[in-house]
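Hi everyone, thanks for coming. Let's take a friendly walk through one chain together. Please have a look at the picture first.

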Amino acid sequence: MTDAGAELTLAPEILVDVATMRFHVAHEVGHVVLGHARGRRQQLRAAAPYLAVGGAVELAAIIGAAFWRWSIVMLPIAFVLTLAVLARRVVLPQERAADAFAAANRAPAWLASPPAKARLMARLIKTHPTWAERSVCGQRSAVE
């Protein structure tokens with residue numbers, strides 16, 4: 001989002017065919033229409049409770065590391081867990097809603113080409129539904 005409005009940039013892997021491009025554009029428009037595309041300040045406000053809890057866990061791990069050296073291992077684990085909870089509670093529902101918006105507007109995921117491969121962090125933190133989940137959502141919307 002910019003001060004002038006929403007700006008959409010398409011990656012080359014989205015331009016493979018019309019159905020894929022249509023799904024991704026409809027999905028991103030869904031974010032704007034559903035109010036998910038907000039400025040950085042609004043995004044931080046929505047994430048603040050999760051970031052506060054994650055920060056407290058990180059602080060506890062740092063304090064624990066002063067007494068028990070092995071607990072320093074908890075820092076990256078606590079960080080990734082905080083991101084995972086944040087993604088599943090805040091981001092993932094918005095992604096599913098944008099997918100449903102795209103499907104309702106005749107641009108379902110099941111007609112689009114799936115991405116080459118999900119990255120490890122994307123699978124670990126799960127910010128987006130899997131392609132199989134997206135395809136089922138689109139097919140279910142088409143039937144209903």
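Let's begin with the record: the unreviewed UniProt entry annotates residues 47-67 and 73-91 as "transmembrane region". Positions follow the numbering used here, feature names are shortened, and such annotations may be inferred rather than shown by experiment. This is a predicted model, where local features need pLDDT of at least 70, side-chain atom pairs count only at pLDDT 80 or more, and totals for chains, interfaces and linings use all residues. Residues are numbered from 1 along each chain as its sequence is written, and side-chain values use heavy atoms, leaving out hydrogens and water.

What does the chain look like over residues 47-67? That stretch is 100% helix and 0% strand, with its end C-alpha atoms 31 Å apart. Residues 73-91 are 95% helix and 0% strand, and there the end C-alpha atoms lie 27 Å apart. Helices here are DSSP runs (H or I, at least four residues), numbered from the N terminus.

Phe67 sits in helix H2, residues 40-67. Is Phe67 buried or exposed? Phe67 counts as exposed because its relative accessibility is 64%; exposed means over 50%, buried under 20%, and partly exposed in between, with a 1.4 Å probe and protein chains only.

Now over to His24, in helix H1, residues 18-33. His24 has a relative accessible area of 17%, so it is buried. Beyond its neighbours within four places in sequence, His24 is in contact with Ile14 and Trp131, contact being heavy atoms within 4.5 Å.

Technical notes
Helix = DSSP H or I, 4+ residues; strand = E, 2+ residues; numbered from the N terminus.
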